[in-house]
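Here's a quick walk through one protein model, sheet and helices to begin with, then its pocket. Have the viewer open as you read.

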Amino acid sequence: MITKQKGDIAEQAVILQALRLGWGVCKPVGDRLPYDLVFDINGCLWKIQVKSAWFDDNRSNYVVDNRRTKTNRRVMVRQNYCLTDFDFAIIYLEALHIFYIMPVADFVGYSSEIHLVEADKRQRKPKSASFREAWQLLETASLAKTLSA
């Protein structure tokens, strides 16, 4: 399966989960924006970047590149995201049907890759573990935004 297909599958999984949570979902036309979706949660709009993680056999964990990838004339160019590009990143682990929900500041805070450990045999959980299935981060942010308005 090619990378674009994996990205499409991840996007559709995120859309389905958001709909199950009762949220509105908007999809921008084209793929030139630094975000993939917009969620409407209680009247608050959030720009969402969706990423699909792959399994790294050597490290026995899932990995996602936290940089933007553009292809131009057979040349792949990677750039770091900015804090204003989106509000939350949602990383999808297709094989396990698990989502990691990260605020943009945490997502861009990693150097170039984020490693997601799904093995229970580690003594210490990685920093990324707090974002596993953390859908409440979006709801909490929406509540805070509503109260401050």
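## The sheet

A bit of bookkeeping before the fold: two strands are taken to pair if DSSP finds at least two bridges between them. Keep in mind, too, that this is a predicted model.

With that rule, you get an open sheet of 5 strands, ordered 1-2-3-8-9, and the pairing is mixed. Strand 1 (24–26) and strand 9 (98–103) sit at the edges, each pairing on one side only. Going from one strand to the next, the twist averages 30 degrees.

Take a look at strand 2 (residues 37–41) and strand 3 (residues 44–52): they run antiparallel, with 5 bridges joining them.

## The largest pocket

The volume of the largest pocket comes out at about 1,300 Å³. It is lined by 37 residues, and Thr3, Lys4, Gly7, Lys51 and Thr69 are the closest to its centre.

Which element gives the most to this lining? That's helix 1, with 6 residues. Strand 3, strand 5 (61–65), strand 6 (67–72) and strand 7 (75–80) each supply at least two. By class, the lining splits into 14 nonpolar, 7 polar and 16 charged residues.

How values were computed: Residues numbered from 1 in each chain as written. Predicted model: local features only at pLDDT ≥ 70, side-chain atom pairs only at ≥ 80, totals over all residues. Heavy atoms only, no water. Helix = DSSP H or I, 4+ residues; strand = E, 2+ residues; numbered from the N terminus. Axes fitted to C-alpha atoms, helices over the stretch in contact; angles between N-to-C directions. 1 Å grid on protein atoms, 1.4 Å probe; cavity = no way out; pocket = protein on both sides within 12 Å on 5 of 7 lines; lining within 4 Å. Points joined across faces, edges and corners; volume = space filled by probe spheres on them. Nonpolar A, V, L, I, M, F, W, Y, C, P; charged D, E, K, R; others polar.
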